[in-house]
Amino acid sequence: MVKLVSSSVVVKVPHTEPGIRRQLEVEAEVYERLGSHPNITKFLAFKEGKIYLEKLRCTLRQRLLDIQIAGMHPPADLVLLWATQIAQAFKHIHSRGIFQVDIATWSMLVDWYDNVKLSDFAGSSIDGSEPTMCASHHAEHPQCMSIRPSIHSELFAIGSALYEIETFQEPYHDKDFSEIESLFTAEQYPETGGLILSEIIRKCWLRQYESADEMLRDINQIQMQMETATPTTAEKIITEEANSASEL
């Protein structure tokens, strides 16, 4: 349970069940190990079994819903920003021996400047420990289950989150567990043609990345290609001025 402490601080309070209390202890241990990172929710303190964190705007899922309700779509630069920040965050947590496991847009937060920060590490695996939560069936391949977390299981789930960022929907959102399991086992995935992150999403699903850093390099490559193909504002002004001069 998350409660508001002030305009800048929230506190996670445990339920009465012993298992939930242990999950908060694990989460606090994860935050302490991760330290400060621009794409990890800022950890403030762990006192009397409660976790104090910075207050952010909302979950990434809620932000996507707000954009959808407004009849809009995330612009390309925002899609690439979020993908970059997610990849950077997972590169960091994996380097610290952490698997988040329950990876989804509801466990990612955004601030008031639309920066993404990972949150909710209660079910995480530390140094190979058994996680106490698992990924959604929309974000888990039967051959790399999140109950035995690995780089491939993490990146598969990240691919599903990136798909949701561009489509507003989880993969196979309209199918039940058994249908999704059969499709994923047969390596059949939703169509990604036309998406900015199409190839990256598919490589995540097909377990073709061996690290978040590899994914990050591909994202950076797409970003550079788009910047090269799209004139900057200054370039547009210079071109327009040149065209005007030639018409005189």
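Strands here are DSSP runs of type E with at least two residues, numbered from the N terminus. Keep in mind as you look at these close-ups that the model is predicted.

**View 1. Ala45 sits in strand 3.** Strand 3 covers residues 43-47, and Ala45 is found in this strand. Is Ala45 buried or exposed? Its relative accessible area is 16%, and buried means under 20%, so Ala45 is buried. Look past the neighbours within four places in sequence, and you will find Ala45 in contact with Lys50, Ile51 and Tyr52.

View 2. Strands of a sheet pair through backbone hydrogen bonds, either parallel or antiparallel. Here 3 strands line up in the order 5-7-8, and their pairing is antiparallel. Strand 5 (58-59) and strand 8 (116-118) stand at the edges, and each has a single partner strand, so one side of each is left without a neighbour in the sheet. How many bridges join strand 5 to strand 7? There are 2 bridges between strand 5 and strand 7 (residues 108-110).

**View 3. Gln100 lies in a loop.** Gln100 has its place in the loop between strand 6 (98-99) and strand 7. With a relative accessibility of 1%, Gln100 counts as buried. Which residues touch it, leaving aside the neighbours within four places in sequence? The contacts of Gln100 include Phe90, Ile93 and Ser107, and also Leu118, Ser119, Asp120 and Phe121. Gly123, Ser124 and Glu154 are also among the residues in contact with Gln100.

**View 4. Helix 6 packs with helix 7.** Two packed helices are described by the angle between their axes and the distance between the axes. For helix 6 (residues 198-205) and helix 7 (residues 212-229), the angle is about 165° and the axes are 10 Å apart. Angles over 145 degrees count as roughly antiparallel, so helix 6 is roughly antiparallel to helix 7. The crossing of the two helices is right-handed. Helix 6 brings Ile200, Lys203 and Cys204 to the contact, while helix 7 brings Met215, Asp218, Ile219 and Ile222. Sorted by kind, the residues of this contact are 5 nonpolar, no polar and 2 charged.

Terms used
Residues numbered from 1 in each chain as written. Predicted model: local features only at pLDDT ≥ 70, side-chain atom pairs only at ≥ 80, totals over all residues. Heavy atoms only, no water. Pairing = 2+ DSSP bridges. Helix = DSSP H or I, 4+ residues; strand = E, 2+ residues; numbered from the N terminus. Axes fitted to C-alpha atoms, helices over the stretch in contact; angles between N-to-C directions. Parallel < 35°, antiparallel > 145°, perpendicular 65-115°, else oblique. Left-handed = near helix turned anticlockwise from the far one by under 90°. Contact = heavy atoms within 4.5 Å. Nonpolar A, V, L, I, M, F, W, Y, C, P; charged D, E, K, R; others polar. Buried < 20%, exposed > 50% of the residue type's maximum accessible area, 1.4 Å probe, protein only.
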